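Have a look at it before reading on.

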Amino acid sequence: EFLAQNGFKVYGMAINDFKTDSFNYIKGDVTKEDSIKAVLNTIWQKEKRLDIVINNAGFGISGAVEHTLDSSVFNIFNVNVLGLMKVCKNAIPYLRDNGEGKIINIGSVASDLPIAFQSYYSATSCAVTLKSDK
């Protein structure tokens, strides 16, 4: 909303429907490559460019590691890590066509300070957080 309110053309993609007057919403699923491609193509057809991609999709699961279902572990990694990677993979050609662009991946402080009974969320945050001493 901040970017849209400051003159930028913003598109938001989410799996759930939501209403906003601030920016354009397109329903999409980061776990499905066809969905990502369709959303990016829609934006490209309307704007003829893509400048910045902000990956912020994610969710957490609570509980002890020993009691967490394998299907829950797969789901959190599929959205929080693989979904982010799929969006990057499919956005890069559009950014390259511009000759420039940025990808911003949002992680969590949970990558540095793991949260009790949120081991898998912390692990996915660690997987998408770039560490640098510079």
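Setting aside neighbours within four places in sequence, Lys9 is in contact (heavy atoms within 4.5 Å) with Asn24 and Glu47. Lys9 and Asn24 are 15 residues apart along the chain, and their C-alpha atoms are separated by 8.2 Å. You'll find Lys9 in the loop between α1 (2–5) and β1 (11–14). Helices here are DSSP runs (H or I, at least four residues) and strands are E runs of at least two, numbered from the N terminus.

This is a predicted model, where local features need pLDDT of at least 70 and side-chain atom pairs count only at pLDDT 80 or more, while totals for chains, interfaces and linings use all residues. Residues are numbered from 1 along each chain as its sequence is written, and side-chain values use heavy atoms, leaving out hydrogens and water.

Now for Ser122, which sits in helix α4 (residues 119–128). Beyond its neighbours within four places in sequence, Ser122 touches Ala110, Ser111, Pro114 and Ile115. Here is how the two residues score; buried means under 20% relative accessible area, exposed over 50%, and partly exposed in between (1.4 Å probe, protein chains only).

| Residue | Relative accessibility | Class |
|---|---|---|
| Lys9 | 57% | exposed |
| Ser122 | 6% | buried |

On to the helix pair. The axes of α2 (residues 33–47) and α3 (residues 70–98) come within 10 Å and cross at roughly 30°. That's why α2 and α3 count as roughly parallel (angles under 35 degrees; over 145 is roughly antiparallel, 65 to 115 roughly perpendicular, the rest oblique). Among the residues that meet are Trp44 in α2 and Tyr94 in α3.

Conventions
Axes are lines fitted to C-alpha atoms, for helices over the stretch in contact, and angles run from 0 to 180 degrees between N-to-C directions.
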